[in-house]
Structure formats: C-alpha cells, structure tokens
Amino acid sequence: MGRRLALLIATYAHEDAGLRQLTAPAHDAEALGETLRDPDIAGFEVTTLVNQPHYEVGRAIGELCRDRRRDDLVLLYFTGHGLKDDAGRLHLAMTNTRRDNLAFTSLPAELVDRALADCMSRRQVLILDCCYGGAFPAAGGLTKSDGETHALEPFGGRGRTVLTAADASQFSFESDGELRGGTARSVFTHHLVNGLRDGTADLDGDGDITLDELYAYVHEKVVDEMPQQRPKKQADVEGQIVIARNVHWTLPAHLANSLDSPIATDRLGAVDALARLLRIGNPLVRERATAELERLAEDDSRRVSAAANEVLRSQIREPRDAEPPDTEVPHVAEEGPEPAEPSVDTPASVTAPVTAPEQPVVVPEQPAPAAAPGWTTRVDGAVRAPLIVADGVLYVCGDGGSDSDGHHLYAFDAATGEQRWRLTTDQPVRSTPVVAGGLVFAATVGGQLYAVDTLSGTVMWTYKNANRQKAAAAVAARGPWVYFVGGFYLRCFYVTDPHERWHRGVGMSDLQWVAVTADQVWCGNTGRNAYATDAVTGKKGPRLALRNSWSSPRAVTEDGLGIHIVGEHDGAVYRFEAGTGTQVWRCATLSPVRFSPVVADGRVYAGDGDGNLYAIDEATGALRWCVSAGTALNASPAVADGILYVGGMDGKLFAFDAATGVGIDHLPTGNAIQATPAVAGGLVYFGTDGGTVHAIRAIVNGSGSGSGRAAAV
C-alpha cells in the first residue's frame, strides 16, 4: 500500500501591516497534525510549516508532490489569509506576502494546482481553511473570506478532492476562544479535527471515515454553529478515500439491542447485520463481528446458531486479509405539503437558444452483426428500469405490469449471467437503482423504498410512503446518505438504517426524479417545477419554473456543479448552475426529450421520441450533431470509451460514434428496448420488453467509419 503524507501550512503573522493577524491557524495546524499523525487514527507522515515565506512553502509543496506513487495518499492543508489580484486570481498569503506585490511574494493558487497536477498520486486531498481579502470583524468571530472569489475555482484534477471552509458568497469564521476551551480555533478545522479524533464522522458505522463522510459531518456541524458559513467540496476520484479509522467504534445501538434480545427472531436478524459488517468493515469491526457471531453460534435457538455458523463457514472459505487504514472503499407518518414557494425566474438574457437542425442525418440501414450476444438470460416481466453494474454484479428490474407477483429485483454475475438472487417487490421498479454502503436501493412506483444486501439479497430495511400508493418514486445516494422522493416529499436517510435524517414537503404535485450535485439535492415534479435542497441540512434552495412541465429525467455535470433538465413539451434541453439555479443555456430539439440526458466527455447526449439523437456542447449549449435512429427512443443512452449505445422501440441496440454521431452498428433483438443500457468491464448490458437480458462485448476503437462491431463474447 502507498504512503500517507500530509503537509500542513499555517500563516498568521505577516510583515504587511495591512494583513490582520489571525489567532487560530497555529492552534488549528497543531491539532490537525496531532490527529493525522496518530497511528491508530490516520497514520500520516506529517510536516508542519508555520509562518514561513512563500519560497519555503513552495519548496515544501514541491517535495510533497515529488516522486510519489499512484497509490500514495497526499494531503495538503492551508489555514490563513487568501488574497486575490486585480484579475481575480487567488493567492495564499505567507508571512512575507505584500498586497502590492502578490505575484512575487505570495503562493499563487495556480502554482499549487500545477504542482498537484504533476504529482503522480491519484489520491490527493486539498483542504483550504482560508480567507479572501483579509479578515474583518463580525459578530461571533473574525471572518476569513469575502464574497468574490471561490476557493474551488482554481483547483481541480483527476484523483483530487478539495474541501473548503466556505463557498463563494459566505464567510469563514474564527471563534473568539470561548467555544474552544479558551483557545481560538477555526470553526471549520475544529469540527474537522473532532470528527476524526472521536470517530463521530464515521456516519455509516463501518469503522472507517471516508472523505465523503468527513465533509458531510463537518458541513452539518459548521452550519449548525455558523449558519452564514457553508463548507464546499469538489471531487474527481475513483472510489472512496478512507482518511481515518474510527478508534471509538462500537456496535450500533439497534444491533446491540438485537443481540441481547430474548426473542430468537431478533437475534436471527442480527446475524445478517453482522455478516454485512464482516463484508464492509475494517479489521477492528470484523473482529468484533466475528466474536459476536461465534457467540451466536452457541445460541439456544437452532435457527440462530445454524445461521451464525453458516456465516462463519463462509468466512473460512473466503478469508479476507486485514486492510490498513487507507484501504479504498469501492463505489458505497406523512405530512401535508408546504405552501408553494416563490420561484426563481429563468433569466431572459441568457445564452441565445440553439435552433434545431432542419433535418437530422438519417443513419443508413446496416446489416445485422453475425455474432450473437455473449450471454442471455430471462427475467419475469419487461425490463424498463435502467440497468446498473457495481462490483461485478448486474442489477436488473423485472416489470410484471398488472401482475402483482411479477415484479422483481435481480442480481446477476456480470461476467457469466448467473443469477445470484431475486427479490420480489410490491410494485414495479422503473427508476434507476443505486448501490451504496453494501446495499442496493430500489424505489417502486407504489412509493416503497427497499434497501437490499448486495451479497445475499436480504431486505435490510424498507420505507413506505403513507397514503400515496400510486405515487412515482426515485432514489439517489451520496456518501452515507440516501435521498428518496415519493408523493410530495423528499426524504434523507442514513444508508445503514431507516432512520430519517430530515424530510421536506416540496410543491403541490408528485415528485418524479431526484439527483445529487456537489452539495445539493435536486428533484422535480409533474408540474412545472424543480427544487434544490441542501444535501446535508434539508434547507430549501432555489426553485425553477418553465412554461411547460418538466419531464422526469435529469443529468448532473461531471464536476457536480451543473444540472441538465429537459422540458417535456417545449422541445429543449436546459443547463442550470446547480448552486443558484441560474440558466446557463437552452438548446432546442426537434421533438420533446422525455428521458434523462447523459453527460460524458464534455458533451450532453439526449434522444427524443421521434428517434433523434443530440450531442450538445456541455459548456456552451451549441449543438454538435443530430442524427436519427429511425425509430422511437424511449430510454436514455449510455456512453463509454467514445461509443454511444441506445435502444430503440424497433428492438435494435444502436451504437454511434459519440464524437461525430456516425452510426457504427446495430443489433436486432426482436423486442422493444425501453431501458437504459449499462457498460462496464468491456461489456454492454441491455434488457428488452420481452424479459430478456443480454451481454455483448463493447465496441473497441470505434472510429465512426461504420466498421465497428458489437461483437459477441
């Protein structure tokens, strides 16, 4: 495993008399360094620089980034002043920084970004608890930012996570010392350290603290203490980065109660929960879970002892090596509606609409490929929900229509098509399932949410909407939380149990979809509205309204800072800034787009009911190409490795060059395809109305020449 290295920079004394002296940075760096250095908590090699000139700090950052390996975990923390020059560029103030000579006396953010970009590590963490424009007196403490420079703007990069103390329009605060035992501390860093040190940031209870959990915990604590300050996060990483261990981990209260219960069925239920801890927990958690299972193996109830012994035997058959602290975790009563909220009007002076093309290019008919799919299997009912693949498992929903017993959620081995388990649901699942924290979540059209163990197919918990039996439902997840819409309500749950963190009544029409951006949850209803809600606190954000009703789909930008929504009746795709709800652009389409756009490689892809496919520039809204598949498209496309896959109502799976729109191939199946395909591990997975599920080899090196083949495995 790679090394864990941290560089902490704190500056509070300045030669420039115009820069106010701060009191918190030295205490913050000391407390964070002590916590990160602790081998039981985080085990970092920590270097701390306090009140150093810019050239010394620059040299240290260079050393931090030099000769790193891809699996090294590199953490850079800065606390102090931030300044901006006349062009709005961010500079981190050092002890020798002069405001009238920022270029040669400060540490420009672009140089920090360049150093991190050149670093070979693909596990980078940048934490900025800094100010912009100096510190100013404010009620409750000293402010450490202004409202004109966004700390996230200069930073980005693959493999990097950026945490900042505040967003573009808010302040970061120092305490006056009374809240910190007589020591002035930054509100942000205080809660950052506490969450790591006492383990309270381990929100899902698996014994590890990931960056997502740490951010969510700090965000909640900071907002509770300083409502005018909201931390921000930006990430472009694969999987989860474990930043620390929860050294104070104990069995969850509900599990401990089940283990001590005199009722055998309660103890039996605890076996599944312990099995899950064995699968997702760190060595400390697995050791405790094993001990409890060994105790249950001697239980008076034969059913309990047999179940516990089976779990223990499975661990012997498939032993797991101990994981060090930096192991990465792979991708884990109804109330009345609130009154209608004032909408955020769509600005009139936005980027000019892109006119729809006069005629789309028609894809010429091509011979069907001779090769057959690599594997095919059947499910009960049609496949209408998008397919997803996670950790080598393909999840498929069977829609039995009016047959109340014909609705199922399936788990198949993605490589072989072998069925692992099948779960009967109360109603069809037509929205996208999601996988988080070792569970797969599925929402039925009847308004029920299922949380299902990915390994065994056991239902760990459910939530049922009251008095909304026919309401649509959808689910999304980020970090330790799951977001569920059904009826008029948006609800936030912890991944591990049905404990409701918060709920919010939204609008006067049934909600149809939900999506998570950087730090907001967006949802839309059958009326003309889409709503933003703070992902951590549940507080209301902007509301959008168009002339025509919103359709159910949505797509979030790859950086999480924008959201794309389609107008169901006005024939257009829109992009909005996620934070403010401001319209960025509108691109007209030939016919209404009724299914979710897809964002990939700087383009937004969408298909309409007349069979037209569109590629739109993500930044400008300019139409890059438009082609016709020659059949109605009732599902979203999937894009992977430069190839766009989409199913048609004529029963064909089409492949297009994603850059040019040139048709590459098609595969006839004989049944309409109304579910979004999935692409993973070099395979394309898709299902049909006839209840068949297919896996074919993805096209390699598709050049748009029409010579590519959707080859069989």
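Hi everyone. The chain exposes about 27600 Å², and carbon and sulfur atoms supply 49% of that area. Accessible areas here come from the Shrake-Rupley method with a 1.4 Å probe, and for residues only the protein chains shown count as cover.

A quick word on where this comes from. This is a predicted model, in which local features need pLDDT of at least 70 and side-chain atom pairs count only at pLDDT 80 or more, while totals for chains, interfaces and linings use all residues. Residues are numbered from 1 along each chain as its sequence is written, and side-chain values use heavy atoms, with hydrogens and water left out.

Let's start with the whole chain. It has 10 helices and 48 strands. Helices (H or I, at least four residues) and strands (E, at least two) are DSSP runs, numbered from the N terminus. Of the 713 residues, 58% count as buried. Buried means under 20% relative accessible area, exposed means over 50%, and partly exposed is in between, with a 1.4 Å probe and protein chains only.

Helix H1 covers residues 24–37 and helix H5 covers residues 187–197; they pack at an angle of about 20 degrees, with their axes 10 Å apart. The axes are lines fitted to C-alpha atoms, for helices over the stretch in contact, and angles run from 0 to 180 degrees between N-to-C directions. H1 and H5 are therefore roughly parallel to each other. As for the words, angles under 35 degrees count as roughly parallel, over 145 as roughly antiparallel, 65 to 115 as roughly perpendicular, and the rest as oblique.

The crossing of H1 and H5 is left-handed. That term applies if the near helix is turned anticlockwise from the far one by less than a right angle; clockwise would be right-handed.

Which residues of H1 and H5 meet? From H1 we have Asp28, Ala31, Leu32, Glu34, Thr35 and Leu36, and they meet Thr189, Leu192, Val193, Leu196 and Arg197 of H5. Contact means heavy atoms within 4.5 Å. Sorted by class, the contact of H1 with H5 has 6 nonpolar, 2 polar and 3 charged residues. Here Ala, Val, Leu, Ile, Met, Phe, Trp, Tyr, Cys and Pro count as nonpolar, Asp, Glu, Lys and Arg as charged, and the others, Gly among them, as polar.

Let's stay with one of those residues. Threonine 189 lies in helix H5. Is threonine 189 buried or exposed? At 1% relative accessibility, threonine 189 counts as buried. Leaving aside neighbours within four places in sequence, threonine 189 is in contact with Asp28, Tyr77 and Asp129.

The axes of helix H7 (residues 253–260) and H8 come within 8 Å and cross at roughly 135 degrees. That makes H7 oblique to H8. On the H7 side the contact is made by Leu255, Ser258 and Leu259, and on the H8 side by Asp266, Arg267, Ala270, Ala273, Leu274 and Leu277. Those residues divide into 6 nonpolar, 1 polar and 2 charged. H7 passes H8 in a left-handed crossing.

On to H8 and H9. Helix H8 (residues 264–280) and helix H9 (residues 283–296) pack at an angle of about 150 degrees, with their axes 9 Å apart. That makes H8 roughly antiparallel to H9. The contact is made by Arg267, Val271, Leu274, Leu277 and Leu278 of H8, together with Val285, Arg286, Ala289, Thr290, Glu292, Leu293 and Leu296 of H9. By class, they divide into 8 nonpolar, 1 polar and 3 charged. This crossing, too, is left-handed.

While we are on H8, have a look at glycine 269, which has its place in that helix. Glycine 269 is partly exposed, with a relative accessible area of 40%. Glycine 269 and valine 304 are 35 residues apart in sequence and 8.7 Å apart in space, C-alpha to C-alpha.

Finally, some loops. Asparagine 51 lies in the loop between strand E2 (45–50) and helix H2 (54–65). Its phi is near 50 degrees, a positive value in a residue other than glycine. Aspartate 67 is found in the loop between H2 and strand E3 (73–80), and aspartate 67 has a positive phi of about 55 degrees although it is not a glycine. Aspartate 67 is exposed, at 61% relative accessible area.

Our last stop is alanine 635, in the loop between strand E41 (623–628) and strand E42 (638–640). At 5% relative accessibility, alanine 635 counts as buried. Not counting residues up to four places away in sequence, alanine 635 touches Phe595, Val646, Gln674, Ala675 and Thr676.
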